[in-house]
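Student: Please take me through this structure, one question at a time. I have the sequence and the model open.

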Amino acid sequence: MSSNEILIVMFLGLTLFMFTGLPIAFVLGGLSLLITVTLWNADAVVILLLQIFDTMRSESLLGIPLYILMAGILQRTGIIEELYHVMEIWFGRLRGGLAIGTVVICVLMAAMTGVVGAAVTAMALLAMPEMLKRGYNPELVTGTICASGTLGVLIPPSVLTIVYAVTAQVSIGKMLIAGITPGIVLAALYILYILYMAYFKPGHIPASVQGAVPFSQKMKSLKGIILPALLIALILGSIFTGAATPTDAAAVGVVGALLIGLFKRKLSFKSLQDASVETLKASAMILWITIGAKAYVAIFTGLGGADTLLEMIKELNVHPYVILACMMLILIFLGTVLDEIGIILLTVPVFLPIVRMLGFDEIWFGVLFAITIQTGYISPPFGYTLFYIKGPLPSHLNMGVVYRGVVPFLLLQILALILFAMFPNLVTWLPNLMELN
């Protein structure tokens, strides 16, 4: 069997086994081992072992469990509830204010935790009942929560960004900082859409019935965001200035989360134990996927798959942006059926040689990569975020409401993707400033 035929078998086998529902880590690892032994050369198993060993020695991966632990601790300190209370006081009188406040909270949560599921679930439990009770359109409510909750994919400290940087072998610090501007721009687009619906589409968002809140009470409520703001500034500031590596900043974040929990007197041994167990489970899942994907990519590369793909693209007489668009479409599709970590580990080693050949900036491509995966997260019918909200969804609402609600935000995602593709400097200017520090 020729190398090209083996590559076809690899892709068909991966597609077939993924649809069986088997864990992606075992599909990748098992398929790689099976193909190596039966269709290639049993002695090549050593390639798998060397690739896995080299990956597991990476100190950069230490940041992942630390950021997950920080998120787990913060979820148990009551800080999310306090943030929602602050936003309700400040934005409650504004038409569409609760939805706008939800976007702002998701931005802050993304900057504190970088975990998508946490933001979507928390806002579904806290914000959704309040908005529905006040007469907000259910589609707008679910769309706002699903889209805003995915900002943790972009805004640092994003676990996805760290995995991309490690896989692509680019600066983790620059990749993290590069997500700030796109994340804020996307949040601004969401808010503009909410304001448009509030003032130009009567019936979607009711006029506010909340009375005026004294300015003194508003200022007093701001104490609820002091600790989160300090933690965000400590993590991102230390990375941006170069005072700490992203891994060191993750350790600082964990200590900061512990201090917040102690200050609020909501940190118990049980909550710390639960956060640690969640961290262990999530980290183990990520590392198992990493092992499986590394094995699969090692065989793909060893059989000449990357070289074959590059030769095919060189023979295509099309604009580089056409190839870029094709890669983005593949990522959006994969984002509806695969975990984001698996997508990165599978596609980045294949796409990066193409990106370099086309002369694109790898940091810029990484941000487009993240936006595309984020788009896949809210793409009906299988986007991950759509199922995060399914549990807290009231019984009188069905998934059709959720699907219709995310469509406008899906279009905003595509608009942002086109914007950052056309103007790379919007992405790279902030990381480039790090070189001056």
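Student: With which handedness does α5 pass α13?

Tutor: A crossing is left-handed if the near helix is turned anticlockwise from the far one by less than a right angle, and right-handed if clockwise. Helices here are DSSP runs (H or I, at least four residues), numbered from the N terminus. By that rule the crossing of α5 past α13 is left-handed.

Student: What pLDDT do side-chain atom pairs need in order to count?

Tutor: Residues are numbered from 1 along each chain as its sequence is written, and side-chain values use heavy atoms, without hydrogens or water. This is a predicted model: totals for chains, interfaces and linings use all residues, local features need pLDDT of at least 70, and side-chain atom pairs count only at pLDDT 80 or more.

Student: Are α5 and α13 roughly parallel or oblique?

Tutor: Take α5 as residues 79-91 and α13 as residues 223-241; their axes come within 8 Å and cross at roughly 125°. Axes are lines fitted to C-alpha atoms, for helices over the stretch in contact, and angles run from 0 to 180 degrees between N-to-C directions. Under 35 degrees counts as roughly parallel, over 145 as roughly antiparallel, 65 to 115 as roughly perpendicular and the rest as oblique. The two helices are therefore oblique.

Student: Which residues of α13 make the contact with α5?

Tutor: Contact means heavy atoms within 4.5 Å. On the α5 side sit Ile79, Glu82, Leu83 and Val86. Their partners in α13 are Gly224, Ile225 and Pro228.

Student: Is Leu83 buried or exposed, and at what relative accessible area?

Tutor: Leu83 is in α5. Beyond its neighbours within four places in sequence, Leu83 touches Ile105, Leu108, Met112, Gly224, Ile225 and Pro228. Buried means under 20% relative accessible area, exposed over 50%, partly exposed in between (1.4 Å probe, protein chains only). Leu83 counts as buried, because its relative accessible area is 0%.

Student: How far apart in space are Leu83 and Gly224?

Tutor: In sequence, 141 residues separate Leu83 and Gly224. C-alpha to C-alpha, the two are apart by 6.2 Å.

Student: Which residues of α4 meet α15?

Tutor: The axes of α4 (residues 63-75) and α15 (residues 269-302) come within 9 Å and cross at roughly 145°. This crossing is right-handed. α15 brings Leu272, Ala275, Ser276, Thr279, Ala282, Ser283 and Ile286. α4 brings Ile64, Pro65, Ile68, Leu69, Gly72 and Ile73.

Student: Are the rings of Tyr193 and Phe409 stacked or edge-to-face?

Tutor: The whole structure has eight aromatic pairs. Rings of Phe, Tyr and Trp (its six-membered ring) pair if their centres lie within 6.5 Å; planes under 30 degrees apart count as stacked, over 60 as edge-to-face and the rest as tilted. For Tyr193 and Phe409 the centres are 5.2 Å apart and the planes at 80°, so the pair is edge-to-face.

Student: How many residues apart in sequence are the parts that this pair ties together?

Tutor: Both Tyr193 and Phe409 are buried. Tyr193 lies in α11 (residues 180-200) and Phe409 in α21 (residues 399-422), so the distance in sequence that the pair spans, in residues, is 216.

Student: What is omega for the bond that joins Pro156 and Pro157?

Tutor: Most peptide bonds are trans. The bond joining Pro156 and Pro157 is cis, and Pro157 lies in the loop between α8 (138-149) and α9 (159-168). Its omega is about 5°.
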